[in-house]
Amino acid sequence: MSDPSHDPLQREQTHLTESRAALRAMRADVEALDIRDVTANWVNAAVLRSQVDARIKALADLAHTPLFFGRLDYLHAPGAEQAEGAEGEQFYIGRRHVHDAEGDPMVIDWRAPVSQPFYRASKTEPMDIALRRRFGYTGGELTAYEDEHLTDPTEDAHASRLLQSEIEKPRVGPMRDIVATIQPEQDEIVRAGIGGTVCVQGAPGTGKTAVGLHRVAYLLYAHRERLARTGTLVVGPNASFLRYIEQVLPALGELEVKQATVDDLVAHVEVRGSDSAATATLKGDARLAQVLRRAVYDGVTMPTETVVVVRGSRRWRVPAYELQETVRELLDRDIRYGAAREALPQRIAHAVLVRMERAGEAPDDRVQDAVARNAAVKAAVKEAWPAVDPAKLVLRLLGDAEFLARCAAGVLSEEEQRLLLWDKPARSVRSAKWSAADAVLIDEVRDLVERTPSLGHVVVDEAQDLSPMQYRAVGRRCTTGSATVLGDIAQGTTPWATASWEEALEHLGKAGAQVEELTTGFRVPRAVIAYASRLLPSIAPGLKEATSIRESEGDLVVRPLPAGELDAEVVRACVAALEREGSVGLIAADARCPRLGAALTESGLPHLAPGEETTADARLTLVPASLAKGLEYDYVVLDDPASIVAGEPDERTGLRRLYVCLTRAVSGLTVLHAEELPEQLAA
Ligand SMILES: Nc1ncnc2c1ncn2[C@@H]1O[C@H](COP(=O)(O)OP(=O)(O)OP(=O)(O)O)[C@@H](O)[C@H]1O
């Protein structure tokens, strides 16, 4: 019998077993922590307890996520700085750091500098790596490995089988992490410095979402303390998309990242109304910021009367011209409306104190505070610098034609002003039928009144759909931080969708940020992307067709049907797709979904809503076209493209929506139609 210590696979399996034991020991250590002795009171104890619990959770050994997926053998021991306490020349790369009882590393975090060559080293630039080994797992067991000798001139560079099979794995359940297979062009974005904002344009399935999430994980590793203080946020297009991606970061050990839609960020009022496309577009126009600023400052009036403060037997007078000077000075200063409003009574009180001193009194700070609260001073402030309630201000602007005309003069045409005005002015903030675009306006006003706190880093996914005013709303949440902006111009399906990234970045407050392009597609097979790309000249003439890294051509079936047979054929196509492995998505125009849902149920086919977790038993999702963005399914059945196009306010938006729907398939796409196909597809 051969000696197991000489079998490389067995040696690696032993390292896995030992690493697992070490991880268990690390967890046991944390669990055994007795915090009673170190905490002075129950508040501290509760805080510490939750930190300890989070750490215990982070140290869980998840059966289906391999503890390490790669190994690097350096030619030389890396410099102390790069190795960060990891001595030696051989490193196992995994999702988290694991060390043995002596504190020696068993597994190195994928985000550590020493792990970087795993993603970037090549034959042309070996980065001091002699051997890169990738591990293959079957059901949690280490069953294979694959080597690249990067500095061996006799070995040809070849595509990795393990990499390919990881990429080709069927989809089940929510989105997973890609730590084991991040590609060099993706890694550059993931590890870009925290100081700068990065914008990524990428065709469908090029990994933009994946890259954004891994970038957050990387930044949290590299700047843990700073970001723990300031916070991180991922912005996505809708709740079902956020549900689809919500497990990626926890799987990478990051539990603290907030996720929200833009609507969530600006939810200051209840949204119950909607706007026409033209009105919503106008409300999203950056010129509105100027109109709102004028509206906020519209109430500021130059004082015309002397303020008289009575204290004891004495009267102190501050004349109007001096008050005017103070107001003018506050207007010139670059501070928020609310901060200036708080400063004004203190300024007036100061003027009174100067007079007291001149008269031989010796007032202290308490006197100044008391004067600032004096009724006469308060009345003067109310007159000169009235309080602004953001929702009430927007309510007035949209309901009062004269006020709007004053604020919009020279900025919006009369016709545009008419578009903004409500047909019937709302009576109160509570009864108003606010639209999503209105909520963004209110958020803008809030920020004019009081500075919005900035987070450390914000990732914006599907950013092409944001209006300039929405960009501003996101931008004020990262004024002192940085952003990662991800999107695809060709997938812009709002009437106000971004036409150029340069412009979008300006609205975000990050003008001049670098724009990168991802071109390698990991999702859509060649035949399908080629078909979908027929739409590109009409929807985004400047953009190149994506390539596909998938080996299989993909199955593409396009079938015309008599109108009466469409529903039944769609159900049949779903049944056929369910016979294969992986998830199935039936995508249809929103208006067609109730009918198709009923047809599926009638045929005994249970189905999920988008974002609901697919499992081995529940693999079919009925996806309204409006929610397809960002999602993917192994097999897609696409119902009647013409009705998807017709569901949008204009043809370009309709064709872009269709492009999104056509690019959700991982293995196969079946298009069934009763109406004529759009001519661009038929070509
Ligand atoms: N390096 C990689 N290794 C393995 N899989 C990858 C890699 N990069 C991306 N993928 C996979 O490709 C699929 C598409 O990725 P993702 O959803 O991030 O693309 P996207 O560019 O955001 O697409 P869309 O424009 O449609 O929103 C996902 O299943 C993702 O896990």
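This is a predicted model: local features need pLDDT of at least 70, side-chain atom pairs count only at pLDDT 80 or more; totals for chains, interfaces and linings use all residues.
Colleague: Which strand do four bridges join to strand 8?

Modeller: Strand 8 has a parallel partner at residues 457–460, joined by four bridges. There, Thr232 stands opposite His457. That partner is strand 12.

Colleague: In strand 9, which residue is the bridge partner of Val235?

Modeller: Strand 9 spans residues 258–260 and runs parallel to strand 8. Three bridges join the two. The partner of Val235 there is Ala260.

Colleague: Which residues have the most contacts inside the largest nonpolar core?

Modeller: Nonpolar side chains tend to be buried together in soluble globular proteins. Here the largest nonpolar core has 149 residues. Helix 7 gives the most to this core, eight residues. The residues with the most contacts inside the core are Cys574 and Leu586.

Colleague: Leaving aside neighbours within four places in sequence, which residues is Cys574 in contact with?

Modeller: Contact here needs C-beta atoms within 7 Å. Sequence neighbours within four places are set aside. For Cys574, that leaves Val584, Leu586, Leu600, Leu605, Leu620 and Val637.

Colleague: Which element gives the largest share of the shell around the ligand?

Modeller: The shell holds 22 residues, and Thr181, Gly207, Lys208, Thr209 and Phe522 come nearest. Two elements give two or more residues: helix 5 (161–168) and helix 7 (208–222). The largest share is three residues, and it comes from helix 7.

Colleague: How many residues of the shell around the ligand are charged?

Modeller: The shell draws at least three residues from each of domain 2 and domain 5. By type, six of the shell residues are nonpolar and eleven are polar. The charged ones number five.

Colleague: What distance separates the centres of domain 2 and domain 4?

Modeller: The domain assignment gives domain 2 as 198–267 + 454–521 and domain 4 as 307–382. Their centres are taken over C-alpha atoms. The separation is 45 Å.

Technical notes: Residues are numbered from 1 along each chain as its sequence is written. Domain bounds come from an automatic or database domain assignment. A residue is near a molecule or strand if its C-beta atom, placed from the backbone, lies within 6 Å of it. Ala, Val, Leu, Ile, Met, Phe, Trp, Tyr, Cys and Pro count as nonpolar, Asp, Glu, Lys and Arg as charged, and the others, Gly among them, as polar. A nonpolar core is a set of buried Ala, Val, Leu, Ile, Met, Phe, Trp, Tyr and Cys residues joined through C-beta atoms within 7 Å. A residue is buried if 20 or more other C-beta atoms lie within 10 Å of its own, exposed if 12 or fewer, and partly exposed in between; C-beta atoms are placed from the backbone. Two residues are in contact if their C-beta atoms, placed from the backbone, lie within 7 Å. Two strands pair if DSSP finds at least two bridges between them.
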